[in-house]
Amino acid sequence: MKVQEILLIDDDPIINFINKKIVEPEFPHYGIMVLENGLQALEYIQKNPQKRYLIFLDINMPVMNGWEFLKAISLDSGQYDLSIHILTSSIDESDKVKAQSNKQVLSYLPKPLTKDVLKVIK
Amino acid sequence: MLSPTSDHSNYDQTIFDLTPFPMWIYDLKTFRFLAVNKEAIRHYGYSEKEFLHMTIKDIRPKEDIPKLEKAVKEAISRTESYKESLFRHQKRDGSIIYVKIKSNLINYRGKKADIVTAIDLSERYEREKKIETQKEYLKVISLTTQLLLKSKEWLQALYSCFKIVGETIDVDRIYYFQNDPLQPTTSQKIEWTQGHIEPQIDNPELQNISLSQFPLFMEPLKKQMHFEAIVEKLPPSSTKNILKEQQIKSILVLPLWINDNFCGFIGLDDCKKERRFSEDEFQLLYSLTSNLGHIIKQHEAYQELYYSEARFKSLIENGKDLIAIVDGKGDYQYVAPTSKAVLGISPEEFIGKNAFDFIYEEDVPRLKQKLGEIFESRHVSIEPYRFTDANGNWRWIRTELTNHLNTPLIEGIVANTQEVTTEVKKRRIDDLVAVLTSAIGQPGTLSSCLNQALSSLVKLSKISVSEIWLVSQDAQRLDLISSDCGVKGFSRFYQNSKDITSFEKGTGFPGHIWSENKTMLWKDLSNNEFFHRSEAARSAHLNTAIGLPIHYNNEFLGCIICFSQFTEDELSEEVNFLSEVTQQLGAVIKQKITEEEYRNFFNISPDPHCIIGFDGYIKKHNKAFQILLGYDNKKLRSTPIFHFIHEDDVQESQERLKASIHGDTSNSFEARFVTNKGDIKWLIWSGTVIRESKIIIAVAKDTTEQRLAKEELQAAYKRLKTAQKIAKLGYWVRNFDSEVSIWSEEAYHIYEYTPQEFTPTMANITKTFHPDDRYLMEDDPTEHLEPGKVQSVEHRILTGTGKVKWVKQEIRLLTDEHGTPFRIEGTVQDITERKEYEEQLSLSNERFKLAMQASNEMIWEIDHQKQIITRGTGYEQTFNYDTSETLSKENSWFSKIHPDDREEVWNTLQEALNHKNKTFWTSEYKVQPSEGAIAYFMDRCYILRDENGKPVRSVGSALDVTSSRQQLEQIKIQNKNLREIAWLQSHVIRAPLSRIMGLIYLANELDGGGKSKDEIMKMIADSAHELDDVIHKITDKTNLIKDEGARNITD
C-alpha cells in the first residue's frame, strides 16, 4: 500500500496552521506536509514520487504560484499519483474558469477551508 | 312301311327296300307318302317317319310345285301305267338334285297310288351343263380372238369382245385401262356395261389416275397376278368405299403385260351378286387379255412401222438433202427425187453416170481420196466441194458417205448430201474479212497495216495486184496509200506508173469510183482511155480492174482496187466476193485512219490522253498522262484506270464508263486521280467511244490548280463572310447610274430585312435612317467625299423589326480614270452594343466621380492598363497626396506609409492583384503625414478582372481610423486597471479576510487549535490591518483610473 500524504501548499503560515488543524482529524492516516510555494512542492514530489498525494494548492504565492506549479507538474504528471484541489482566497470568476479547464484540478475551493468541505472531498 | 297287298309281300318288301334307287309310293289323291325305301331315306336325308308325314310336294323346290301338280294330274288321268320324266328334287339339306322319275300306278292298300323310282342324274346333268358352258366359252374365245385379230380398229374390237364376254359370264361391267408409258398413271379407254348400269367411260375422273390410288389391286397386278375380291369382304379402304359407292359386289382385275411392261388392266364388275369367278371364266379372260396384249403389241409395231415409213417418205420427198447410192467407183445406183428440187436434175438423169462427171475439176482428187477411205471405215465426211447444177453453175455441197456395200438390199455407198453454197461463200467472206481486219487492226502505221491487208488480197487466185486509195485530209483528192503486187512479179505495174499517186474526184479509176460511189469494173485496161495507167497495165499484163469503194456510215473513205489478168466474165464471182468483203472493212479502216490522226495529235498534246478498253485497262496513253501520274508505262498499262482514281470517285467513274459504253454521249465528268506521290489531281474527262474496237479515247484537262484557286477563293469568301458576321460588318455598293445599291448578306442582317422584302433603293435606305440622322442623306456624297479616302459616320437606323440600332459606316468614293466618280461603296457595322456600353460607362464614370467627391473616405481607383492610381480628395488636406499618379511604392501615398508597414502593405496589394482569383484586398497601416505624427488607416479594395483573371480595374477606399484606434487603446488601459482592481479584490483583499474567517473558524470550531485566544486575536488584528492597507491601495488605484478617464474626456 502506498504512503498517503497531504500537501498544504500556501505561503501564509497562519492559513497553513489553521488548515492543518482542520485536515488532521479528518485524514488521521495521512501524513501532512506544509510547503510554502509551488517550487518547494514540486521538488518534494519529485523527490518522493512513489507516494500518494492529496494536495491543497493556493494560487497566489511567491517564487512559483499555483498555476505555474500545475504547469510544471503536468510535464511529468503521468508518473505521480496526485489529487489536486485548489484552495484560494480568490473568488474571481476568471480564476475559477481557469481551474475548471485544468484537467489535473479536481475542485476549486474558496478559502477558508472547513470540515464540511473536506467531507465532500472524501 | 310298305304293306304289300299281294302274296309276295315279303319278297316285294325286300326288293323295295334293297333297290339301289330311291323309291316311294304316294297317294295320288293326297300326294302323301305311303311308303319309302331305305335308299330314299339315305339319299334325301329324311327319316321314314318324316317321309310318311310329308307329301311329294315337300321334296320339290317351291317354284317346281305347279309343274309337279301338272305331272300328278297327268299321272292320274293317264292310261298307261309307266311314266318317265325328269324333275328337280330338293333334299333335306336344301340341295337340289336332278332326278329321273319312273312311276307306275298301283293300288296300295286300297288307295290309288303311284310307285316311283327316282334316279339321281345330278352329276351327269352338271357335267353336261359344264361342257355346254365350256363350249360356249370356247366359242366366245374363238369369237373374240377373231374379232381382235381381224379388226384394224382394235379398240372397237375390244368393245365387241367385252360385250360378248360380259353377256356370257354375266357381269355388269367390263373395262380396259391403259397405262401411260411415261408416267405412273392410267386412263380408262373402253367400257362395256349391262343396259341398266350407268357407263363411266366419259367420267373424267377415270382419266390419268395415279396408279398409287389403288394400292389394293395394283400390288398383285404389278406382280403379273390378277386381283379378285368380294367387295364386302375387303378390309376398310378408300378402294372399298369407291367400289361400294358404285354398288359393285364383286370385282376381278386382270393385268395386261406386254414385253415385261405393265401396260394396263381389264376389270370386271358384278353389281348383282357376290361371286367367285370359275376356272372357265378365268380361262376365257386370260385368253382375252393375252390376245389383247398381242394385238396391242402388233398394233404398236405396225404404227411404228407406219410412222417410220411415213417419216422416211417425207424425208426423201420433201427434204433438201440429196440422197444417192453409188457403187465403189462413184457410179450412181439410186438418186432420191429431191435432186430435181435442189439441183434441177431429175433422178433418172444420174443413173448410169459417174459422180465425178458432176464435180468441179479442182475438187476431184480430194473426193477420190475420200471415196477410197469409205472402204476402210463406215462413215466418211467430205468437206464442201463444188458440184454442177442443171444450169451449169457450181454449187457448194457437203457429203456424208456411209458404207452399205454389205447391207442387203442396198449394197452400195449411201451419200447424204447437203447444199452449203451460201454458207461456204459466207465463210469465205468472213474468213477474208477476219484476216483483213486483223491485219489493219495491228499496231503500226496506217500504210504498213494496209499493206499487210493487201498482201492477203493478192493471194486470191485471180487477183494479181491490189492497192488502196484514201481520201486526203482536205477531201480534195484520193491518195495511193498502199499497194501489193503479190509474189508473181507484177511490180512492173508500179515501176511504170511511179508518178501517179493521187487523183481528184472523177479522174482516173479511183476518181471514178469516188464519183460513182459503187463497185466498178474496168476491162481491157491497156486499151482503156480513161485508165491513166494503161501502159503500166499492159506491161504487167493486167486486164481487168475491180474498184471497191470503202464506206463508213455513208462516208466515202477511199477505195480498194484489185487488178486481174482474167477477163470480166471470169471474174463475176470475185467481184461479188470482194464487194462483200470490202463493205465490211469500212469501220476498221476508219478506225485506223482516226487512230493515225489521233496518234499524231496524241503525243504532242500537253493534256493527258489515253485509250481505255471497255475492260477498264489503259491501252495507250500519251506522255502528258504519264508525267501527270508519275507511274512508269508498265504500271499504267497493267492496271485498270480505276486504280489511279481517288477511292471516293471510283464508283461514279465506273458508272460513267459503263454509261459511255452503252451509248451515253453526255458531257464530260470530273474525277480525282492520285499520283504515285499521293498527290490529288483533278481531271475533267471527255471521250469518244469506238464500239467496234471496244475502246474509249479519252482526253483530260488537269484542273487541279484551277480547283485549288477556286477552293481558296471559296474559303476566303467564306472566311470573309464569317468575319463580317462576327464583326457585324455589312458591305454595300452603288453605281451612280443606278438607284439601287447592292447589299451583302450581313448588311441585310444588320438592317433585319431579307432581300425579298427590301430593295435598297435610295428612298428605302433613307427611310432606314433614324429621323434625327436623316440629314446625313441629304448631302450629295460626291461633294463632300474625297475620292479614294474613307470617311466614317456613325448614325442610328430603324431596322425591319422596328428596333433602333447604331451603325458605323465607312464610305469611299470611286472614280474612273478621268477622276469622275462612278461608284460609292462602304461598310456598315452594327455598333449598337458598343454605343450602349459607352453610354453606360460614361454614366457610371460620372456616378463614380460624384461618389468620390461625396465620400469621407479616400476612394481610389487603379487603371491597370496605364498603371495609374486616381484618388478622391477625402484626406487631401490632411495628408497632402496627389489625386492621380503612377502606382508605385514611391508615390505620394505609399511613401507616407509608416516604414514598419509600407513593405507589407505594398506586397500584400501586389499579391492580391496578381492572384487570378482574388477579388478583395484589405490592410491596416499607419501613415506618417509629418514627423512624429501618426495616423491609422483601414484600406480595402475590390479587384475587377477579365476572363483571363487579369486585373482590369480596382476600386478601393482608405479610411482614417486614428481616433477610433486611440479610443481603443484607452479602453485597453482602463480594462487593465479594472482587471488589476478585480485581482486585488479577489486575491489581496480576500487573503487577509479569508485568514480572519479561518481564525474565527479555528477559535469557534476547533477550539483555537492549540492557540490561545490572545494569540488568535492578535492574528485577527494583524489580518485586519493588512486588509485595511489593501483597501487603501485599491482606492488609490481607482482614483488613478478616474483621473485618466476624466483627462481623456477633456482631451
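In which sense, left-handed or right-handed, does helix 1 of chain A pass helix 30 of chain B? The model examined here is predicted, and local features were taken at pLDDT of at least 70, side-chain atom pairs at pLDDT 80 or more, and totals for chains, interfaces and linings from all residues. Residues are numbered from 1 along each chain as its sequence is written, while chains are lettered from A and ligands numbered from 1 in the order in which they are written.

Chain A contains five helices and five strands; helices (H or I, at least four residues) and strands (E, at least two) are DSSP runs, numbered from the N terminus. Read from the N terminus, its elements follow the order β-α-β-α-β-α-β-α-β-α. Of the 122 residues of chain A, 33% are buried, a residue being buried if 20 or more other C-beta atoms lie within 10 Å of its own, exposed if 12 or fewer, and partly exposed in between, with C-beta atoms placed from the backbone. Contacts require C-beta atoms, placed from the backbone, to lie within 7 Å. Among the contacts in chain A between residues at least 6 apart in sequence, 68% link residues at least 24 apart.

Helix 1 of chain A spans residues 13–26. Its 14 residues reach 20 Å from the first C-alpha to the last, close to the 20 Å expected at 1.5 Å a residue; the expected span is 1.5 Å times one less than the number of residues. The buried residues of this helix are A:Ile14, A:Ile15, A:Ile18, A:Asn19, A:Lys21 and A:Ile22.

The contact between the chains takes 16 residues from chain A and 16 residues from chain B. On the side of chain B, helix 30 (residues 962–1005) gives the largest share, 13 residues. By class, that side has nine nonpolar, five polar and two charged residues; Ala, Val, Leu, Ile, Met, Phe, Trp, Tyr, Cys and Pro count as nonpolar, Asp, Glu, Lys and Arg as charged, and the others, Gly among them, as polar.

Helix 1 of chain A passes helix 30 of chain B in a left-handed crossing, one in which the near helix is turned anticlockwise from the far one by less than a right angle (right-handed if clockwise). The two axes come within 10 Å and cross at roughly 35°; axes are lines fitted to C-alpha atoms, for helices over the stretch in contact, with angles from 0 to 180 degrees between N-to-C directions.

In chain B, an open antiparallel sheet of five strands has the order 13-12-16-15-14, where strands pair if DSSP finds at least two bridges between them. Strand 13 (332–335) and strand 14 (379–388) are its edges, each pairing on one side only. Neighbouring strands are turned by 30° on average, direction ignored. Five bridges join strand 12 (residues 322–326) to the antiparallel strand 16 (residues 412–419), with B:Ala324 opposite B:Ala415.

Another open antiparallel sheet of chain B has five strands in the order 24-23-27-26-25. Strand 24 (618–621) and strand 25 (669–674) each have a single partner strand, so one side of each lacks a neighbour in the sheet. The twist averages 35° from one strand to the next. Strand 25 is joined to the antiparallel strand 26 (residues 680–690) by six bridges, and B:Val674 has B:Ile680 as its bridge partner. Helix 22 (residues 647–661) lies across strand 25, strand 26 and strand 27 (695–702), at about 130° to strand 25.

Technical notes. Contact = placed C-beta atoms within 7 Å.
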